[in-house]
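This report covers annotated spans, salt bridges, the nonpolar core and a surface patch. The structure is shown first.

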Amino acid sequence: MTTMAAVALTSATFLGMEFVAWFMHKYVLHGALWFLHRSHHVRHPHHFERNDFFFLFYGALSMAGIMYGSAEKDWRFWVGIGIAAYGTVYFFVHDVLIHGRLRFWRKSGNKYLRALNMAHKMHHKTTGRDGSEEFGMLWVSPKYFELARRKPAPGRAGRNLSASSNS
């Protein structure tokens, strides 16, 4: 497989995983597997949730693709790499930035990340199986970009005013 084909397949897999994540979240996690996903929508004192088991499913898919395709570096390898890349981004954006499960990355002034955070908060506004919106991880509805554009980042407005008064 050529380098360009490998990059294209890995990128397509990464982008396709957003649709897979949206579909699975909306129709499976808020459907038949709600009994596992519910732990993500309610407050609890535990560090881990039953919802974290979904990592094992996608991790196993990624690992299988990488392992079975590694000898020839065929399509399975690059699909596995794309799934792993999506999972890595998912961990940092969803678990670290949005939910603060690791405390090293708290807030961002980036409009995209703020819009993503707003959309995710709207998803969690409903604690039940039904009535949620915004099921994707990286794709954000335009209305949240508009909100992020209009609403200044926390703690930044005061600094901007004082900085402009000194000039």
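## Annotated spans

Residues 53-71 are 84% helix and 0% strand, with 29 Å between the end C-alpha atoms. Helices (H or I, at least four residues) and strands (E, at least two) are DSSP runs, numbered from the N terminus. The model is predicted: local features need pLDDT of at least 70, side-chain atom pairs count only at pLDDT 80 or more, and totals for chains, interfaces and linings use all residues. Residues are numbered from 1 along each chain as its sequence is written, and side-chain values use heavy atoms, with hydrogens and water left out.

An unreviewed UniProt entry gives the feature "transmembrane region" at residues 6-24, 53-71 and 77-98. UniProt positions follow the numbering used here, feature names are shortened, and annotations may be inferred rather than shown by experiment. Residues 6-24 are 100% helix and 0% strand, and their end C-alpha atoms lie 26 Å apart.

## Salt bridges

A salt bridge is counted when a side-chain nitrogen of Lys or Arg is within 4 Å of a carboxyl oxygen of Asp or Glu. R76 pairs with D74, with the closest N and O atoms 2.7 Å apart, and with E72, where the closest N and O atoms are 3.9 Å apart.

Burial is classed by relative accessible area: buried is under 20%, exposed is over 50%, and partly exposed is in between (1.4 Å probe, protein chains only). D74 is buried at 17%, R76 is partly exposed at 28%, and E72 is exposed at 55%.

## Nonpolar core

A nonpolar core is a set of buried Ala, Val, Leu, Ile, Met, Phe, Trp, Tyr and Cys residues joined through side-chain atoms within 4.5 Å. The largest one has 16 residues, of which Y86, A115, L116, M137, V140 and Y144 touch the most other members. Two or more residues each come from α1, α4 (75-98), α5 (111-124) and α6 (142-150). Helix α5 gives the most, five residues.

Leaving out residues up to four places away in sequence, A115 touches V140, Y144, F145 and A148; contact means heavy atoms within 4.5 Å.

## Surface patch

F19, V20, F23 and Y27 make a nonpolar surface patch of about 390 Å². Patch residues have over 30% relative accessible area and no salt bridge; like charges are joined within 9 Å, and nonpolar side chains (Val, Leu, Ile, Met, Phe, Trp, Tyr) within 5 Å. Accessible areas come from the Shrake-Rupley method with a 1.4 Å probe, and for residues only the protein chains shown count as cover. Y27 lies in helix α1 (residues 3-32) and is partly exposed, at 46% relative accessible area.
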